[in-house]
Amino acid sequence: MPCVAIKPIHEALMRNHEKSSRRKAFGTLATAFQHFSFAQFLNFSFSQFLILSISTFLFLPSCQQDKESGKEEAQGFYCLLPDSFRLQPGDVVFRRGGGFTSHVVINADREGQYSHCGIVADSCGTLFIVHAVPGEPDFKGDPDRVKASTPQQFFSTEYTTIGEVLRPADSLVGRRAGEHAWRLYQRHTLFDHDYDDADTTRMYCTELVAYAYRQAGHDVDQGRRHHVNLPILQGECMFPSDIYASDFLTSVIHF
């Protein structure tokens, strides 16, 4: 895999990683209204949805303040992945967030416990987690796209309440899958808001992982799909549980 200027990328990611709880609350509220159609799918009434949105706005800052005390409060968000654990290229990583969108995914994906996933890639000896995610800009004007995040950022308590790492049975296949994912990042691949598996010019999170492994010679989703019937989205797409169920992947840590 071609070498890139790792230090500037890492510093830029970490600079943009620190955000205030109040700003996150406003972002969460905006996301809630943006995804009202998903709330309709879950049979929320408008009044229930409005109460949930306002509660999210009011509750998030106080919740964050309660959680971050002492040393954690001084440092802000922190990484849930234990320092002693070593990721490997090709590892598939899962997380569940505490935001509105994560709760929507969890409620829609009744078979799973995670709302987002990515794949570990090695760039010149530095490990990154490549993932396609909306609503997490690294800078002003940053579009929804495929990102390369540090493990510390991906598993930050800003985005994560629980997490897990699954390891491929074949490390060489895993490394190749990581390389394919890295190329998607280098191409500045945008997020696939249509959730169309047939369109490989854009990617959503599970599509990226499945595509990278397919290019490496293994089918981790094995054709598993969920049928979705929403006002803005109808058809089949992959949820994190469709990747998690792969018999090629084995859980190596849960936190």
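Strands β2 (residues 116-123) and β3 (residues 126-133) of this predicted model pair in the antiparallel sense over five bridges. Strands are DSSP E runs of at least two residues, helices are H or I runs of at least four, and both are numbered from the N terminus. Two strands count as paired if DSSP finds at least two bridges between them. Asp-122 has Leu-127 of β3 as its bridge partner. The two strands form a hairpin with two residues between them. Cys-124, in the turn, has a positive phi of about 55°. Strand β3 also runs antiparallel to β4 (residues 145-149), again with five bridges. There, Ile-129 is bridged to Ser-149 of β4. Six of the eight residues of β3 are buried. Buried means under 20% relative accessible area, exposed means over 50%, and partly exposed lies in between (1.4 Å probe, protein chains only).

Residues are numbered from 1 along each chain as its sequence is written. Local features need pLDDT of at least 70, side-chain atom pairs count only at pLDDT 80 or more, totals for chains, interfaces and linings use all residues, and side-chain values use heavy atoms, with hydrogens and water left out.

The chain has ten helices and ten strands. Of its 255 residues, 47% count as buried. Contact means heavy atoms within 4.5 Å. Among contacts between residues at least 6 apart in sequence, 69% join residues at least 24 apart.

The largest nonpolar core has 38 residues. Such a core is a set of buried Ala, Val, Leu, Ile, Met, Phe, Trp, Tyr and Cys residues joined through side-chain atoms within 4.5 Å. Ile-119, Val-130, Leu-208, Tyr-213 and Ile-243 have the most contacts inside it. At least two core residues each come from β1 (92-96), β2, β3, β4, α8 (171-186) and α9 (205-215). Helix α9 gives the largest share, seven residues. Leaving aside neighbours within four places in sequence, Tyr-213 is in contact with residues including Ile-119, Val-173, Ala-177, Val-220 and Phe-248. Another core, of eleven residues, lies apart from the largest one. Phe-85, Leu-87, Val-93 and Phe-155 are among its members.

Helix α9 is mostly covered, with nine of its eleven residues buried. Among them are Cys-205, Leu-208, Ala-212 and Tyr-213. Gly-217 follows α9 and has a positive phi, near 105°.

His-116 lies in strand β2. At 7% relative accessibility, His-116 counts as buried. Its side chain makes a polar contact with the side chain of His-131 at 2.9 Å. A polar contact is a pair of N or O atoms within 3.5 Å; within protein, one must be able to donate a hydrogen and the other to accept it, and residues adjacent in sequence count only if both atoms are side-chain atoms. Beyond four places in sequence, His-116 also contacts residues including Val-93, Phe-94, Phe-154, Cys-205 and Pro-240.

Arg-167 is in strand β5 (residues 162-168). Arg-167 is buried, at 18% relative accessible area. The side chain of Arg-167 makes a polar contact with that of Asp-91 at 2.8 Å. Contacts of Arg-167 beyond four places in sequence include Phe-85, Leu-87, Phe-248 and Val-252.

Rings of Phe, Tyr and Trp (its six-membered ring) pair if their centres lie within 6.5 Å; planes under 30 degrees apart count as stacked, over 60 as edge-to-face and the rest as tilted. The count comes to ten aromatic pairs. The rings of Phe-155 and Phe-255 have centres 5.0 Å apart and planes at 80°, so this pair is edge-to-face. Phe-155 lies in the loop between α7 (151-154) and β5, and Phe-255 in the segment after β10 (249-254), so the pair ties together parts 100 residues apart in sequence. Both Phe-155 and Phe-255 are buried. Phe-191 and Tyr-195 form an edge-to-face pair, 5.8 Å centre to centre with 85° between the planes. Phe-191 is buried at 3% relative accessible area, whereas Tyr-195 is partly exposed at 23%. Ring pairs also link Phe-94, Tyr-114 and Tyr-244 into a cluster.
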